[in-house]
Amino acid sequence: MFKKLISILKEHPRKIVFTEGTDPRILEASARLLSGTFLTPILLGNEDEVRAAAEDAGFNIRGAVIIDPEKYENMEAMVAKMVELRKGKMTEDEVRAALKKSNYFGTMLVAMGEADALLGGATYSTADTVRPALQLVKTKPGNKIVSSCFIMVREGVGENTVLAMGDCAINIKPTEDELVEIAVETAKCARIFGVDPKVAFLSYSTFGSGKGEDVDKMRNACEKTKAAMPDVPVDGEMQFDAAVSPRVAQTKCPDSKVAGYANTFIFPDINAGNIGYKIAQRLGSFDAYGPILQGLNAPINDLSRGCNALEVYSMAIITAGLCED
């Protein structure tokens with residue numbers, strides 16, 4: 001999976017903002033990225049402090065771009081642009097105060113084309129990553145929400161198993177139409193990582209075996225998604241065993257083109273999604289990459305506060321790999 005993304009990045013090198021430039025995990029990942037020459041880290045923070053932190057930890061960050069928001073030469077242009085983007089919702093003084101925070105400053109570097117992508121959140125919440133992105137980068141035309149998916153990878157003999165799961169991190173209780181958007185974006189994301197999507201809308205019911213408002217929601221969202229993606233196999237509502245087990249599928253839904261072989265899973269709400277991907281991770285021996293934010297005009301992703309340097313490195317490649325020419 002990463003070999004493909006790295007080969008793309010070598011042909012189209014990118015710049016990625018790390019909002020926490022003095023964090024040892026960020027510095028270690030940056031040093032590794034720089035050795036590959038396919039991705040340039042932009043580290044935010046006081047230059048002396050960033051270099052001192054790298055030296056203390058023994059990481060070579062030669063070639064990285066270090067930007068101190070307090071000394072940024074184009075601050076006036078950035079303030080003016082952010083005031084314009086906020087469309088009267090923030091005064092100039094409020095904008096200047098916000099730009100002292102690395103999450104807002106880094107997002108504006110992306111919005112102004114100074115960077116291609118952003119990765120943050122090693123020391124702050126998902127909301128603090130998503131909020132500036134929604135306010136400044138905004139959603140893509142046709143998209144009304146930001147959603148997320150996890151790419152799940154389990155190493156195998158000869159071939160890895162790669163799955164996509166959404167939405168496991170952002171939308172608490174999505175509506176039917178939001179589920180359609182989540183499914184469309186998750187299928188697109190799955191393709192980027194080499195998955196030919198077969199999309200299953202998950203439920204405690206399989207094709208009407210159970211009743212309830214949530215069953216109806218998943219069934220209706222599934223039908224709308226079929227209309228939105230007529231060339232992608234989509235089916236549901238279905239239980240997880242019917243989605244992944246050919247034997248169970250043969251019994252419960254023998255005519256389905258998805259059941260038994262699903263690889264892209266749409267959950268009814270964040271409870272199910274968060275629990276589901278973590279079960280796969282902890283009991284199914286899958287590596288979880290994400291949450292990958294979907295629906296934004298530029299690749300901006302969030303790190304877990306418990307992440308390690310390898311996860312930062314991996315998520316940097318994934319985030320930059322989502323860039324469009």
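Is E223 buried, partly exposed or exposed? With 42% relative accessibility, E223 comes out as partly exposed. Keep in mind that the model shown here is predicted.

View 1. E223 and K226 form a salt bridge, with their closest N and O atoms 3.3 Å apart. Both residues belong to helix α9 (residues 213–228), where they are three residues apart, about one turn of the helix. K226 is partly exposed, at 30% relative accessibility. The side chain of K226 also meets that of D235 in a salt bridge (3.5 Å, N to O). D235 has a relative accessible area of 11%, under the 20% cut-off, so D235 counts as buried.

View 2. R51 is partly exposed at 40%, and E47 is partly exposed at 38%.

**View 3. A salt-bridge network.** E76, E92 and R96 are linked to one another in a network of salt bridges. Across the whole structure, a search turns up 16 salt bridges.

**View 4. A nonpolar patch on the surface.** I275, I279 and L283 make up this patch, and together they have about 340 Å² of accessible area. L283 lies in the loop between α12 (270–282) and β10 (287–294). L283 is exposed, since its relative accessibility is 73%.

**View 5. Helices α1 and α13 packed together.** Helix α1 (residues 2–11) packs against helix α13 (residues 309–321) at about 55°, their axes being 10 Å apart. That makes α1 and α13 oblique to each other, and their crossing is left-handed.

Definitions and conventions
Residues numbered from 1 in each chain as written. Predicted model: local features only at pLDDT ≥ 70, side-chain atom pairs only at ≥ 80, totals over all residues. Heavy atoms only, no water. Patch = residues over 30% accessible without salt bridge, like charges linked within 9 Å, V, L, I, M, F, W, Y side chains within 5 Å. Areas by Shrake-Rupley, 256 points an atom, 1.4 Å probe, with all protein chains shown as cover. Salt bridge = Lys/Arg side-chain N within 4 Å of Asp/Glu carboxyl O. Helix = DSSP H or I, 4+ residues; strand = E, 2+ residues; numbered from the N terminus. Buried < 20%, exposed > 50% of the residue type's maximum accessible area, 1.4 Å probe, protein only. Axes fitted to C-alpha atoms, helices over the stretch in contact; angles between N-to-C directions. Parallel < 35°, antiparallel > 145°, perpendicular 65-115°, else oblique. Left-handed = near helix turned anticlockwise from the far one by under 90°.
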